[in-house]
Structure formats: C-alpha cells, structure tokens
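Work through the following exercises with the sequence and the coordinates at hand. Each task is followed by a solution that goes step by step.

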Amino acid sequence: MLTRLGVVGYMNIVKTLCTNSTNRYLQGFASDNDIKNFIIENTEIVRKHNLTPEIHLRLFTPNCRFWHARPELWPFSDPFWAIYWPGGQALARYLLSNPGVSQGKRVLDLGCGCGASAIAAKFCGASHVVANDIDPVAAIATQLNCELNGLNPLPCDTENVISSEPEEYDLILLGDMFYEEALADSLHSWLNCCIQTHGTQVLIGDPGRAQFEGHGIRRLLRQEAQFELPKAVREENYGLTCSTVWRYLPEL
C-alpha cells in the first residue's frame, strides 16, 4: 500500500516493475484527449498541505484508485507527474516568494513533472517558459495544470535535452532531478555547458537525497532558501523534514 511504503519507496518499486516504455503504454489511448480524460478522472485537485497553496494541481492522493492499485495495473509507467515532489515544492515556493528571480526571463523547467515550477515562473512574469519532461504524459498533465491555474498551456518539450546543444535560457529549474548517480553526472556536465555558453542561471530544489548530497556538484552550490515541509509531505517522503533551493555556481 502506498500509504505504508511512502511515495518515494513506492515509486522505486514502480520503476522496477514497469519495464515497458511509456510510449508502449500510450498505445492503448487513441488520442491526447483520452489521456487528459484519464488524468482528470483519476487524480484529485490539490492545493493544500504543500508549500504552494497558490497553485492548484491534479495529483494522486489516497482518494484516487491508482494510489493503492498494484503497479502492473497502471496504464502508464512511472507516473512521477502525479506527485508533487518536495524539491519541486521548494523551487515553486522560492519563485513565488521572490518574483524578480524569474520575471522577464526565458525559463526552462527541466524534468517538469506536474509543471508546478513552470507555472510559478509564469505567475511571476517570466517572458517565456518551456516545460520539459521525457514522459509525454507529464507534458499533458502540465498543460492541464496550466489550464487549472488560469494560464494558457505552456510549450511542453518531450525531448531528452540533456547532452544536447543547450538552447539559450536565462534560468533553468531542476526539482528532485538528482535521484540517480548516472543522471546526476549527465546533469552536471550539461548544466556546466549551459552556463558557459549562455550565462544561464541554474536553481536546484532538493530535500537532501543521498545521491545529491554525495555528488560532486554539491560543493558548487550556494543555498538560496530552505523550507520546512508540511507534515503530510514529510510522511509521504520517509520523514524528510525540509527542502532546499540551491544556486549552481561552478566558479566556486
């Protein structure tokens, strides 16, 4: 049961059991509208018990059937878009509390998940926001969440941009992206390239996961803010108590 294992542990189980790619799962859906309808019917609109009550999101909650269902019964693999992860919560909260950080900027929300950080940046007056996630279902979920918050759907990119030639962004946001060592290594290299090529600013949200704290990038970060997590979020994340926003400064 998800409530007993905790969200993080359960999602690790899902990642192991769901060996089919997301695209294969999508073959059972005739159109994007089918996926939208599935998300609407199987999530709950949430704005309380997290760090950003200003933002409404469609998420899995204990009231949703797939919160408890066996992973092999899920129609999509790895539904990370249905959880509001603590690193993303910290990033969105930081942007909303400091609107000048993204105001007038070209912003990329990398690994956007539910799209909360992208939505926060747009709320704060970012001139252009792109939400990126390699899961096409996350892109659809993000667009639904934009509409839920009174925004026109943001551009959503499903290409794996890491290791590609970096586009020109003023600000890149990463929430809870350092959960695997290999991915952390790739991110470190690509972010360095973005900064050197375009002078991009990089903000990272993380609740102190071991893969992040033990990585070499950690010594190149300056803490911008730290937020105590609400009780419900702590319980869903094995008792993690706070989440931090870091600025990546490779010259340190």
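**Exercise 1. How many helices and strands are there in the chain, and what percentage of its residues is buried?**

Step 1: the chain holds eleven helices and nine strands, where helices (H or I, at least four residues) and strands (E, at least two) are DSSP runs, numbered from the N terminus. Step 2: of the 252 residues in the chain, 54% are buried, and buried means under 20% relative accessible area, exposed over 50%, and partly exposed in between, with a 1.4 Å probe and protein chains only. Step 3: the chain has an accessible surface of about 11,300 Å², and carbon and sulfur atoms contribute 47% of that area; accessible areas come from the Shrake-Rupley method with a 1.4 Å probe, and for residues only the protein chains shown count as cover. Step 4: when contacts between residues at least 6 apart in sequence are taken, 69% of them join residues at least 24 apart, a contact being heavy atoms within 4.5 Å.

**Exercise 2. State what the mean pLDDT of the chain is, and where pLDDT stays under 50.**

Step 1: this is a predicted model, in which local features need pLDDT of at least 70 and side-chain atom pairs count only at pLDDT 80 or more, while totals for chains, interfaces and linings use all residues. Residues are numbered from 1 along each chain as its sequence is written, and side-chain values use heavy atoms, with hydrogens and water left out. Step 2: the mean pLDDT (the predictor's confidence in each residue, from 0 to 100) is 86 for the chain, with 88% of residues reaching 70 or more. Step 3: over residues 1-24 pLDDT stays under 50, although the model has 49 contacts beyond four places in sequence for this stretch. Step 4: where pLDDT is low, the predicted coordinates should not be read in detail.

**Exercise 3. Describe how H4 crosses H8, and at what angle H6 packs with H7.**

Step 1: two packed helices are described by the angle between their axes and by the distance between those axes. The axes are lines fitted to C-alpha atoms, for helices over the stretch in contact, and angles run from 0 to 180 degrees between N-to-C directions. Step 2: helix H4 (residues 32-42) and helix H8 (residues 136-148) have axes that come within 10 Å and cross at roughly 65 degrees. H4 and H8 are therefore roughly perpendicular to each other, given that angles under 35 degrees count as roughly parallel, over 145 as roughly antiparallel, 65 to 115 as roughly perpendicular and the rest as oblique. Step 3: the crossing of H4 past H8 is right-handed, a term for a near helix turned clockwise from the far one by less than a right angle, left-handed being the anticlockwise case. Residues of H4 including Ile35, Ile39 and Ile40 meet a set in H8 that includes Val137, Ile140 and Leu144.

Step 4: helix H6 (residues 86-97) and helix H7 (residues 116-123) pack at about 0 degrees, and their axes are 8 Å apart. That angle makes H6 roughly parallel to H7. Among the residues that meet here are Gly88, Leu91 and Leu95 in H6, and Ala116, Ala120 and Phe123 in H7.

**Exercise 4. Which residues does Cys146 contact beyond its neighbours within four places in sequence, and is Cys146 buried or exposed?**

Step 1: Cys146 belongs to helix H8, and at 0% relative accessibility it counts as buried. Step 2: leaving aside neighbours within four places in sequence, Cys146 is in contact with Ile119, Leu151, Asn152, Pro153 and Leu154. Step 3: between Cys146 and Ala116, 30 residues apart along the chain, the C-alpha separation is 8.7 Å.

**Exercise 5. Compare His49 with Asp176: what is phi in His49 and in Asp176, and is each one buried or exposed?**

Step 1: His49, which is not a glycine, has a positive phi of about 65 degrees, and its place is in the loop between strand S1 (44-46) and strand S2 (57-59). Step 2: Asp176, also a residue other than glycine, has a positive phi near 55 degrees and lies in the loop between strand S6 (171-175) and H9. Step 3: His49 counts as exposed at 62% relative accessibility, whereas Asp176 counts as buried at 7%.
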